[in-house]
Amino acid sequence: MGKSRLSLWFAKRTVKGTLTALVSLSLLLFGPGVSARSDAVVSFPNTENKIALTFDDGPHPKYTEEILDILAENQIKATFFIIGQNAEKYPEIVQRIVDEGHEIGNHTYTHPHMRATSKEQLNEEIEKTEKLLEGICSYKPVLFRPPEGFCCSTVESCAKGYHYHIMLWDIDTCDWAHNSVDNIVKTVVGKAKTGDIILCHDFVTKPSPTPEALLQFIPRLKAKGFEFVTVSELLESEHV
């Protein structure tokens, strides 16, 4: 979905109960860090059995490449929420993500602790990453994912100022905490439903369980009839 179409979707998102449901789910998942007036999206139920696979914190010189290989083998697209300082280290991987048809979102430059970040600092984080991505691959993201899933009026104001839409998630694989492969697979396969946004990470400091987990849960979800799409494509689907 292009920037203008995505903006139009948000402008028209007035279906009775939709925002209320999203806010309630956000509060349940993330606690008081999420504002009660948040417009952040955590899922988008649709009639086409589409779900979105997302990856945070990359690119990573090993794991992002492995994940891209797995996505290519399975002929699916995903959304990568990129940290600017990592993109600066590995621009060739960012370019590969774009070249292979995946979506990129802004995930700040240094992944700061949001509760200790001022509006001015957050603006700088967002803008620095945006300019960096434009310089690497001529790509202007339209999606923003705040670190730690922290969404408040300041985060919303900053995102809006750069014409971003905030995207969170409703299935957390906890791969960032080095969850076991078996637990990740059980969580994703057991919870997955139409419209879900799944949170994974392509940058993990210790040995990552993510590639092996993907190899197991992607075919199982495909067998259940799910179609993997980018977040923007998910929003474009025929909603319930």
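## About the model

This is a predicted model, in which local features need pLDDT of at least 70 and side-chain atom pairs count only at pLDDT 80 or more, while totals for chains, interfaces and linings use all residues. Residues are numbered from 1 along each chain as its sequence is written, and side-chain values use heavy atoms, with hydrogens and water left out.

## The chain as a whole

The protein chain has ten helices and eight strands; both are DSSP runs numbered from the N terminus, with helices being H or I over at least four residues and strands being E over at least two. Of its 240 residues, 54% count as buried. Here buried means under 20% relative accessible area, exposed means over 50%, and partly exposed is in between (1.4 Å probe, protein chains only).

The accessible surface of the protein chain comes to about 10600 Å², and 53% of it belongs to carbon and sulfur atoms. Accessible areas come from the Shrake-Rupley method with a 1.4 Å probe, and for residues only the protein chains shown count as cover. Taking contacts (heavy atoms within 4.5 Å) between residues at least 6 apart in sequence, 78% join residues at least 24 apart.

## Helix α6

Helix α6 covers residues 119–137. The buried residues are Leu122, Glu125, Ile126, Thr129, Glu130, Leu132, Leu133 and Cys137. They cover an arc of only 165° around the axis, which puts them on the same side of α6; the arc is that of the directions from the helix axis to the C-beta atoms.

On the other side of α6, Glu120, Glu124, Lys131 and Gly135 are exposed. The packing partners of the buried residues include β2 (79–82), α5 (91–99) and α7 (153–161).

## Helix α3

Helix α3 (residues 63–74) has twelve residues and reaches 17 Å from its first C-alpha to its last, close to the 16 Å expected. Tyr63, Thr64, Ile67, Leu68, Ile70, Leu71 and Asn74 are its buried residues. Seen down the axis of α3, these fall within an arc of 160°, so they line one face of the helix.

The buried residues of α3 pack against β1, β2, α5, β7 (197–201) and α9 (210–223). Glutamine 75 follows α3, with a positive phi near 55°.

## Salt bridges

Side chains of opposite charge can pair when their charged atoms come close. The structure holds ten salt bridges, each being a side-chain nitrogen of Lys or Arg within 4 Å of a carboxyl oxygen of Asp or Glu. One of them joins glutamate 127 and lysine 131, with the closest N and O atoms 3.0 Å apart. Both residues lie in helix α6, four residues apart, about one turn of the helix. Glutamate 127 is partly exposed at 29% relative accessibility, and lysine 131 is exposed at 53%.

Another salt bridge links lysine 140 to glutamate 130, with the closest N and O atoms 3.5 Å apart. Lysine 140 lies in the loop between α6 and β4 (143–144) and glutamate 130 in helix α6, so the pair ties together parts that are ten residues apart in sequence. Lysine 140 is partly exposed at 28%, whereas glutamate 130 is buried at 11%. Salt bridges that share partners also join Glu65, Asp69, Arg96 and Glu100 into one network.

Which strand holds aspartate 56? Aspartate 56 is found in strand β1 (residues 50–56) and is buried, at 3% relative accessibility. Its side chain makes a polar contact of 2.8 Å with that of arginine 145. A polar contact is a pair of N or O atoms within 3.5 Å; within protein, one must be able to donate a hydrogen and the other to accept it, and residues adjacent in sequence count only if both atoms are side-chain atoms. Not counting residues up to four places away in sequence, aspartate 56 touches several residues, including Phe81, His107 and His201.

Threonine 79 sits in strand β2 and is buried, at 0% relative accessibility. A polar atom of its side chain lies 3.0 Å from the backbone nitrogen of valine 231. Leaving aside neighbours within four places in sequence, the contacts of threonine 79 include Leu53, Phe55, Leu143 and Thr230.

Key
Expected span 1.5 Å × (residues − 1).
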